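I opened this structure to look up its core, its aromatic rings and its charged side chains. The entries below follow that order.

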Amino acid sequence: QVQLVESGGGLVQPGGSLRLSCAASGRLLSTNTMGWYRQAPGKQREFVAVILSRGSTNYADSVKGRFTISRDNAKNTVYLQMNSLKPEDTAVYYCNADITRVEAVGVTRRSEYWGQGTQVTVSS
């Protein structure tokens, strides 16, 4: 099967930085679109950033100019560099990936996967 494992969350002061990582593992054939979402307490999960397989990116207006998404296709890993963090960035951050996996000999399947989430807390 396929797993997405996130790391890099934690507690940081306003104005600080954090870098999240999300590595995909398993019987992967290819990782297509990869992205990050977040969910604050009492709120719905919201889009943060996305990166296509060839590197095109898109960001939520709330993080533009502060967050940068990147990927290492050789490692099947996506990163989120978060700078100038604000208290309103506090949330559980989830990795999302569109992955084509090997299901059987000669059989592939393309599916969407989610990581388990990593907590980011911005507070003084």
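Which residues of the largest nonpolar core touch the most other members? I found that Trp36, Leu80, Met82 and Tyr93 do, in a core of 31 residues. A nonpolar core here is a set of buried Ala, Val, Leu, Ile, Met, Phe, Trp, Tyr and Cys residues joined through side-chain atoms within 4.5 Å. Buried means under 20% relative accessible area, exposed means over 50%, and partly exposed is in between (1.4 Å probe, protein chains only).

Before going on I noted that this is a predicted model, in which local features need pLDDT of at least 70 and side-chain atom pairs count only at pLDDT 80 or more, while totals for chains, interfaces and linings use all residues. Residues are numbered from 1 along each chain as its sequence is written, and side-chain values use heavy atoms, with hydrogens and water left out.

Strand S9 gives the largest share, five residues. Strands are DSSP runs (E, at least two residues) and helices likewise (H or I, at least four), numbered from the N terminus.

I then picked Met82 and listed its contacts (heavy atoms within 4.5 Å). Leaving aside neighbours within four places in sequence, Met82 touches Gly16, Ser17, Leu18, Leu20, Arg66, Phe67, Tyr93 and Val120.

Aromatic rings. How many aromatic pairs does the structure hold? I found two. The Tyr37 and Phe47 rings are edge-to-face, because their planes stand at 75°, with centres 5.7 Å apart. Rings of Phe, Tyr and Trp (its six-membered ring) pair if their centres lie within 6.5 Å; planes under 30 degrees apart are stacked, over 60 edge-to-face, and the rest tilted. Tyr37 is in strand S4 (residues 28-39) and Phe47 in strand S5 (residues 46-51), 10 residues apart. I noted both as partly exposed, Tyr37 at 25% relative accessibility and Phe47 at 29%.

Tyr37 also pairs edge-to-face with Trp114, at 5.1 Å centre to centre and 65° between the planes. Trp114 lies in strand S10 (residues 107-114), so this pair ties S4 to a part 77 residues away in sequence. Trp114 is partly exposed too, at 36%. I wrote down Tyr37, Phe47 and Trp114 as one aromatic cluster.

Charge over rings. Where does the charged end of Arg45 sit? I found it over the ring of Tyr94, 3.7 Å from the centre, and also over the ring of Trp114, 4.7 Å from the centre. The test is NZ of Lys or CZ of Arg within 6 Å of the ring centre and within 35 degrees of the ring normal.

Salt bridges. I counted seven (a side-chain nitrogen of Lys or Arg within 4 Å of a carboxyl oxygen of Asp or Glu). Arg38 and Glu46 are joined at 2.7 Å, N to O. Arg38 is buried at 5%, whereas Glu46 is partly exposed at 36%.

Glu103 has a bridge to Arg101 at 3.0 Å and another to Arg109 at 2.5 Å. Arg101 is buried at 12%, while Glu103 is partly exposed at 32% and Arg109 is partly exposed at 41%.
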